[in-house]
Amino acid sequence: MELNNQCIYLIGFMGSGKTTVGLQLSEELGYSFKDLDQEIVKNTGITIPAIFENVGEAGFRKIEKKMLKELNEPHCVIATGGGVVENEGVLSWMNENGTSIYLKAPFEVMYKRIQDDRNRPLSNQGREALSLRFENRKSMYTQAEVIIDTDGKSVDEVVVEIFKLL
Ligand code: S3P
(Lines give C-alpha, C1' and ligand atoms only; values in the text may rest on other atoms or scores of the structure.)
Protein backbone atom coordinates (compact mmCIF):
# COMPACT_ATOMS: atom_id res chain seq x y z
CA MET A 1 0.00 0.00 0.00
CA GLU A 2 1.47 3.32 -1.12
CA LEU A 3 0.74 6.26 1.19
CA ASN A 4 2.27 9.09 -0.86
CA ASN A 5 1.90 11.44 2.10
CA GLN A 6 -1.83 11.32 1.70
CA CYS A 7 -4.71 10.73 4.11
CA ILE A 8 -5.66 7.38 5.56
CA TYR A 9 -9.43 6.99 5.72
CA LEU A 10 -10.77 4.42 8.17
CA ILE A 11 -14.18 3.12 7.20
CA GLY A 12 -16.50 0.54 8.73
CA PHE A 13 -19.76 0.15 10.58
CA MET A 14 -20.58 1.94 13.85
CA GLY A 15 -18.61 0.31 16.65
CA SER A 16 -15.92 -1.17 14.39
CA GLY A 17 -13.20 0.79 16.21
CA LYS A 18 -12.42 3.51 13.66
CA THR A 19 -11.81 6.23 16.26
CA THR A 20 -9.80 4.11 18.71
CA VAL A 21 -7.66 2.52 16.02
CA GLY A 22 -7.31 5.81 14.13
CA LEU A 23 -6.02 7.68 17.13
CA GLN A 24 -3.35 5.08 17.89
CA LEU A 25 -2.40 4.67 14.24
CA SER A 26 -1.96 8.43 13.83
CA GLU A 27 0.26 8.62 16.93
CA GLU A 28 2.49 5.82 15.71
CA LEU A 29 2.75 7.27 12.21
CA GLY A 30 3.24 10.83 13.47
CA TYR A 31 0.20 11.86 11.44
CA SER A 32 -2.59 14.22 12.52
CA PHE A 33 -5.88 12.66 13.59
CA LYS A 34 -9.41 13.81 12.82
CA ASP A 35 -12.71 12.20 13.69
CA LEU A 36 -15.26 13.19 11.05
CA ASP A 37 -18.24 13.28 13.45
CA GLN A 38 -16.33 15.35 15.99
CA GLU A 39 -15.31 17.79 13.25
CA ILE A 40 -18.93 18.11 12.14
CA VAL A 41 -20.00 18.91 15.72
CA LYS A 42 -17.15 21.43 16.11
CA ASN A 43 -17.94 23.08 12.81
CA THR A 44 -21.72 23.29 13.06
CA GLY A 45 -21.96 23.68 16.85
CA ILE A 46 -24.75 21.07 16.76
CA THR A 47 -24.64 17.51 18.10
CA ILE A 48 -25.04 14.54 15.73
CA PRO A 49 -28.46 13.53 17.17
CA ALA A 50 -29.67 17.14 16.83
CA ILE A 51 -28.52 17.28 13.20
CA PHE A 52 -30.49 14.10 12.48
CA GLU A 53 -33.51 15.62 14.20
CA ASN A 54 -33.26 18.90 12.33
CA VAL A 55 -32.35 17.88 8.79
CA GLY A 56 -32.75 14.09 8.81
CA GLU A 57 -30.30 11.49 7.62
CA ALA A 58 -30.20 12.91 4.09
CA GLY A 59 -29.27 16.34 5.43
CA PHE A 60 -26.59 14.83 7.65
CA ARG A 61 -25.07 13.00 4.65
CA LYS A 62 -24.65 16.28 2.77
CA ILE A 63 -22.87 17.90 5.71
CA GLU A 64 -20.74 14.78 6.18
CA LYS A 65 -19.59 14.68 2.55
CA LYS A 66 -18.67 18.37 2.53
CA MET A 67 -16.75 18.09 5.82
CA LEU A 68 -14.86 15.00 4.66
CA LYS A 69 -13.49 16.88 1.67
CA GLU A 70 -12.49 19.86 3.82
CA LEU A 71 -10.44 17.65 6.16
CA ASN A 72 -8.15 16.33 3.45
CA GLU A 73 -4.54 17.29 4.15
CA PRO A 74 -1.18 15.52 3.89
CA HIS A 75 -0.22 13.06 6.63
CA CYS A 76 -3.56 12.59 8.31
CA VAL A 77 -5.65 9.75 9.63
CA ILE A 78 -9.40 10.30 9.42
CA ALA A 79 -11.93 8.18 11.29
CA THR A 80 -15.06 8.52 9.18
CA GLY A 81 -18.66 7.91 10.24
CA GLY A 82 -20.09 4.47 9.50
CA GLY A 83 -22.45 5.82 6.85
CA VAL A 84 -19.97 7.90 4.88
CA VAL A 85 -19.94 5.22 2.17
CA GLU A 86 -23.60 5.92 1.49
CA ASN A 87 -22.61 9.23 -0.05
CA GLU A 88 -22.44 8.75 -3.80
CA GLY A 89 -18.88 8.80 -5.13
CA VAL A 90 -17.23 9.18 -1.75
CA LEU A 91 -15.40 5.86 -1.78
CA SER A 92 -13.75 6.49 -5.10
CA TRP A 93 -12.94 10.02 -3.95
CA MET A 94 -11.21 8.63 -0.85
CA ASN A 95 -9.25 6.17 -2.95
CA GLU A 96 -8.12 8.97 -5.26
CA ASN A 97 -7.18 11.30 -2.42
CA GLY A 98 -5.71 8.82 0.00
CA THR A 99 -5.99 5.26 1.20
CA SER A 100 -9.19 3.73 2.50
CA ILE A 101 -9.00 0.98 5.10
CA TYR A 102 -12.07 -1.06 6.07
CA LEU A 103 -12.12 -2.28 9.67
CA LYS A 104 -14.14 -5.45 9.36
CA ALA A 105 -15.79 -6.79 12.52
CA PRO A 106 -18.61 -9.25 13.29
CA PHE A 107 -22.03 -7.60 13.60
CA GLU A 108 -22.60 -8.95 17.12
CA VAL A 109 -19.41 -7.38 18.43
CA MET A 110 -20.30 -3.98 16.96
CA TYR A 111 -23.90 -4.24 18.08
CA LYS A 112 -22.86 -4.76 21.70
CA ARG A 113 -20.70 -1.65 21.52
CA ILE A 114 -23.29 0.66 19.97
CA GLN A 115 -26.57 -0.64 21.37
CA ASP A 116 -28.67 2.32 22.54
CA ASP A 117 -25.78 4.78 22.40
CA ARG A 118 -27.53 8.15 22.71
CA ASN A 119 -24.89 9.85 20.59
CA ARG A 120 -25.63 7.55 17.69
CA PRO A 121 -29.13 8.35 16.44
CA LEU A 122 -29.33 5.21 14.30
CA SER A 123 -28.30 2.85 17.08
CA ASN A 124 -31.72 2.74 18.74
CA GLN A 125 -33.45 1.36 15.66
CA GLY A 126 -33.24 -2.18 16.96
CA ARG A 127 -31.11 -5.16 16.14
CA GLU A 128 -32.88 -6.22 12.95
CA ALA A 129 -32.84 -2.78 11.32
CA LEU A 130 -29.17 -2.29 12.20
CA SER A 131 -28.21 -5.71 10.94
CA LEU A 132 -29.97 -4.98 7.65
CA ARG A 133 -28.20 -1.65 7.38
CA PHE A 134 -24.86 -3.40 7.90
CA GLU A 135 -25.69 -6.06 5.28
CA ASN A 136 -26.62 -3.34 2.79
CA ARG A 137 -23.36 -1.50 3.36
CA LYS A 138 -21.03 -4.49 3.16
CA SER A 139 -20.60 -4.27 -0.61
CA MET A 140 -19.60 -0.61 -0.20
CA TYR A 141 -17.16 -1.17 2.67
CA THR A 142 -15.41 -3.93 0.75
CA GLN A 143 -14.55 -1.49 -2.01
CA ALA A 144 -11.89 -0.11 0.33
CA GLU A 145 -8.31 -0.36 -0.85
CA VAL A 146 -7.39 -2.42 2.22
CA ILE A 147 -9.54 -4.72 4.37
CA ILE A 148 -8.44 -5.54 7.92
CA ASP A 149 -10.20 -8.32 9.77
CA THR A 150 -10.30 -7.09 13.37
CA ASP A 151 -12.13 -10.12 14.78
CA GLY A 152 -10.56 -11.20 18.09
CA LYS A 153 -7.74 -8.66 17.77
CA SER A 154 -6.76 -5.95 20.25
CA VAL A 155 -6.31 -2.35 19.11
CA ASP A 156 -2.52 -2.89 19.20
CA GLU A 157 -2.84 -5.94 16.98
CA VAL A 158 -5.05 -4.12 14.48
CA VAL A 159 -2.54 -1.28 14.27
CA VAL A 160 0.29 -3.80 13.74
CA GLU A 161 -1.73 -5.39 10.90
CA ILE A 162 -2.07 -1.99 9.24
CA PHE A 163 1.64 -1.25 9.70
CA LYS A 164 2.54 -4.51 7.97
CA LEU A 165 0.87 -3.16 4.84
CA LEU A 166 2.54 0.24 4.83
C1 S3P B 1 -23.58 6.74 11.33
C2 S3P B 1 -22.44 6.52 12.06
C3 S3P B 1 -21.96 7.45 13.09
C4 S3P B 1 -22.41 8.88 12.78
C5 S3P B 1 -23.89 8.93 12.57
C6 S3P B 1 -24.36 8.00 11.45
C7 S3P B 1 -24.02 5.71 10.35
O8 S3P B 1 -20.53 7.39 13.18
O9 S3P B 1 -21.75 9.37 11.65
O10 S3P B 1 -24.51 8.63 13.79
O11 S3P B 1 -24.86 6.04 9.49
O12 S3P B 1 -23.51 4.57 10.41
P13 S3P B 1 -19.74 6.16 13.87
O14 S3P B 1 -19.54 5.11 12.81
O15 S3P B 1 -18.46 6.78 14.29
O16 S3P B 1 -20.56 5.69 15.00
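These legends describe close-up views of one predicted model. In the model, local features need pLDDT of at least 70, side-chain atom pairs count only at pLDDT 80 or more, and totals for chains, interfaces and linings use all residues. Residues are numbered from 1 along each chain as its sequence is written.

View 1. Thr20 sits in helix α1, residues 18–29. Helices (DSSP runs of H or I, at least four residues) and strands (E, at least two) are numbered from the N terminus. Thr20 is partly exposed because it has 15 C-beta neighbours inside 10 Å. A residue is buried with 20 or more other C-beta atoms within 10 Å of its own, exposed with 12 or fewer, and partly exposed in between; C-beta atoms are placed from the backbone.

**View 2. Arg120 in its loop.** Arg120 lies between α5 (107–114) and α6 (127–141). Is Arg120 buried or exposed? Arg120 is buried, because 21 other C-beta atoms lie within 10 Å. Leaving aside neighbours within four places in sequence, Arg120 contacts Met14 and Ile114. Contact means C-beta atoms, placed from the backbone, within 7 Å.

View 3. Asp37 belongs to helix α2, residues 36–44. With 23 C-beta neighbours inside 10 Å, Asp37 counts as buried. Beyond four places in sequence, Asp37 contacts Ile48 and Gly81. Gly82 is in the loop between β3 (76–79) and α4 (90–97). Gly82 is buried, with 23 other C-beta atoms within 10 Å. Not counting residues up to four places away, Gly82 touches Gly12, Phe13 and Met14.

**View 4. The shell around the ligand.** Which residues are around the ligand? They are Met14, Lys18, Asp37, Ile48, Gly81, Gly82, Gly83, Arg120, Pro121 and Leu122. Each has its C-beta atom, placed from the backbone, within 6 Å of the ligand. By class, four are nonpolar, three polar and three charged. Ala, Val, Leu, Ile, Met, Phe, Trp, Tyr, Cys and Pro count as nonpolar; Asp, Glu, Lys and Arg as charged; the others, Gly among them, as polar.

**View 5. The largest nonpolar core.** This core has 38 residues. Tyr9, Leu10, Ile11, Ile78 and Ile101 have the most contacts inside it. A nonpolar core is a set of buried Ala, Val, Leu, Ile, Met, Phe, Trp, Tyr and Cys residues joined through C-beta atoms within 7 Å.

Methods:
Two residues are in contact if their C-beta atoms, placed from the backbone, lie within 7 Å.
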